Amino acid sequence: MLKTFRIGGIHPKENKLTAQCPVTMVDIPRQVSLMLNQHIGAPAKCIVKKGDLVKVGTLVAEAGGFVSANIHSPVSGTVSKVDQAANAFGVCTPTIVIDTNGDEWEESIDRSTELNETIELSPEEIIQKITQSGIVGLGGATFPTHVKLMPPKEFKPTVLIINATECEPYLTDDHALMLESPEQILVGCRILMKSIGVNHAYIGIENNKKDAIALLEQMAKKYPGIEIVALRTRYPQGGEKQLIDAILHKQVANGALPVSTGAIVQNVGTAFAVYEAVQKNKPLVDRIVTVTGDGIARPGNYRVRLGMPIRELIEVAGGLPSDTSKVILGGPMMGKAISNLDAPIPKGCSGILILNEGHAHRGTPSPCIRCGKCVSVCPMGLEPYLLAKLSENHLFEKAEKESITACLECGCCAYSCPSNRPILDYIRIGKNAVNQIIRSRKQS
Amino acid sequence: MELTVSPAPHIHGNLTVSQCMYNVIIALLPAFAVSLYFFGIGALIVTLSSILSCVIIEYLIQKYLLKEKPSIGNGSAILTGFLLGLNLPSNLPIWIVIIGAVAAIGITKMAFGGLGNNLFNPALAGRVFLLISFPTYMTQWPVPGASRWSYTDAETGATLLSKLKEEGYQWIDQVDITNLWIGNQGGSLGEVGAIALLLGFAFLLYRRIISWHIPVSIFATVFLFSLALGLGAEGGNLQDAHIWQGAFDFALIQLLSGGLLLGAIYMATDYVTSPMTSKGMVIYGIGIGILTVVIRQWGGYPEGVSFAILIMNAFTPLINNYIKPKRFGRA
């Protein structure tokens, strides 16, 4: 029996069109834009001005606090603008624009491709290096990685979990990375283990990536303490709480930190970035992005410099089909539909998904027939139909009692609803209202 | 290019309300075929008139009374009509069927706000309305296979359970249980063929339209409760293997007759009127099982499934209010 999480979940059509596409290098863009708030936490502070010359890897913005991240230039060239620019959703955000000139890298970066297995740095130095390199959770959450590696003192990490589930349909960037750089991932995993002082790590991979499981299992023999765990393919297994439950059979208590179970979870892409930062001195300047969807001419897994305009990457993949109706950053279950294709690719962009007319629109909602499907698929054991109803009627106190804040917004409820009800939309509204109520209660 | 922007999720599982309804209708077809075989033309007339009147009544109410877009295409009225028909004797005059449809759709469903808002199962409420209003018509059961080409003038007889109630426990020795499996028994036209009904159950489970919780907890409760009653009636000497055999037969008869399978699989699992959580479903199922046996054993009616389900329908909001799913991360 393959392991999996214990409550709810769905198995949507996987649609991993690009599962067998090797990683393709994309040409250096002529211009990149770096948003200062592309991670969770405080925005970074710009430390360059118009006209400054930068190289690949030059620090251009400093973390604006503990929960924040550095930003480095992904290209060499000249800073042409530090100004507000529209992000993918059309919202103006402070952005550094750099015009590319050549491809000159910071001398400190080791650009050789050979594997470096020896971890010389101490745990403190590793975390410092990760902090400096601007690494954030690359699964899409963009939570600064160093923060997760320094849990509150009362919690002692006992195990590291690498999230390589890639449970969202369509996305294959983690899969491609595992096939491309298995040993780098394993060394990255060892580095993370050393940084938090644990001897054991699990790499959780869903069973729809059998080749990656086999490859990593074989490679992992050389790396004591790392265990590959094949998981039953099921969404939302990549949710931090679900993954801990699947692998350790422990459920994070409501409101507690995941590390209270002893586990620290990091994405597999993050582990690779950690390897590059610690062993090669390379800050986070590029990543793999899956470009996929209906009618795309060259769907694939592309290694791109961060800050490249989304439109240009879509051009590389063959351009937008004429019947495109929706462009999504991330996967179809939790990704965000965007309106501005000229916006740059942020650190957390795992994929660009293109949907045509036929798939982009929701069905017309009809009355709830109380079938209970939303209850049975909810991975948090909530009652989505009830939460949506309470939120619709502004009964927020009742919604709080029914644990609306525990919702992780995975979308299983709306996905499964035969009446096409916008369950999750209402829950999001209610969750925001309840969180506001809780905050104001704390203040008074 | 105009891009659509909407919140996640961006894909849907493609399950629709009408799919749920039509799957249940498909699941009922084997049982309907059995009733056509045993009750002939009457079964066809009653079922068709029930479906037609339910659909027409819903259409008229939506169009002219509520002035909203009729939603008969979602199959819900068809299913209600089909189920109501299967719950009636095959010699019931059409005018009574129409009254049943008015009670089911007009009163039980539409008066409460239409699909999703009704408290009671429409088809069952319609049936019980007729049972109380027309007790003579509703307890004349055509003899299976006796007069396939006659309708209201079909030869009638008693159902197995009413006979059992009259004759007493010892009469079970005379029952050939094979007849119950294939459907050769008197009763409402859709409730007789156990194998056909179970086939539909398997189909619904396979298509994940319903879960096992409600039917299985009803089966288990009715079987165990009846087994205990049987053992009591046999004198209670548990060492005697023969006693176990008799009690087992008694319990099996309770399971395979009197509309229990039809009720447990197709009526008690009605989405709208049954609980939302699996724990709640089990409680609801056990409640139906206990009430059914109590009514059969000590009540005035030989069959009790309809009443049991309607009573538990009334408890569904209460169950939903107090029985919560197991929340993640809480003991």
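Between chain A and chain B, 4 salt bridges are counted, each being a side-chain nitrogen of Lys or Arg within 4 Å of a carboxyl oxygen of Asp or Glu. In one of these, E383(A) pairs with R327(B), the closest N and O atoms lying 3.3 Å apart. The model is predicted, so that local features need pLDDT of at least 70 and side-chain atom pairs count only at pLDDT 80 or more, whereas totals for chains, interfaces and linings use all residues. Residues are numbered from 1 along each chain as its sequence is written, chains are lettered from A in the order in which they are written, and side-chain values use heavy atoms, with hydrogens and water left out.

The contact (heavy atoms within 4.5 Å) draws 63 residues from chain A and 35 residues from chain B. About 3,900 Å² is buried between the two chains, 58% of it contributed by carbon and sulfur atoms; buried area is the accessible area (1.4 Å probe) that two parts lose on being put together, summed over both. Within chain A, the greatest losses of area to chain B fall on I369(A), R370(A) and Y415(A), which together account for 17% of what that side buries.

The side of chain A that touches chain B comprises 32 nonpolar, 19 polar and 12 charged residues, where Ala, Val, Leu, Ile, Met, Phe, Trp, Tyr, Cys and Pro count as nonpolar, Asp, Glu, Lys and Arg as charged, and the others, Gly among them, as polar.
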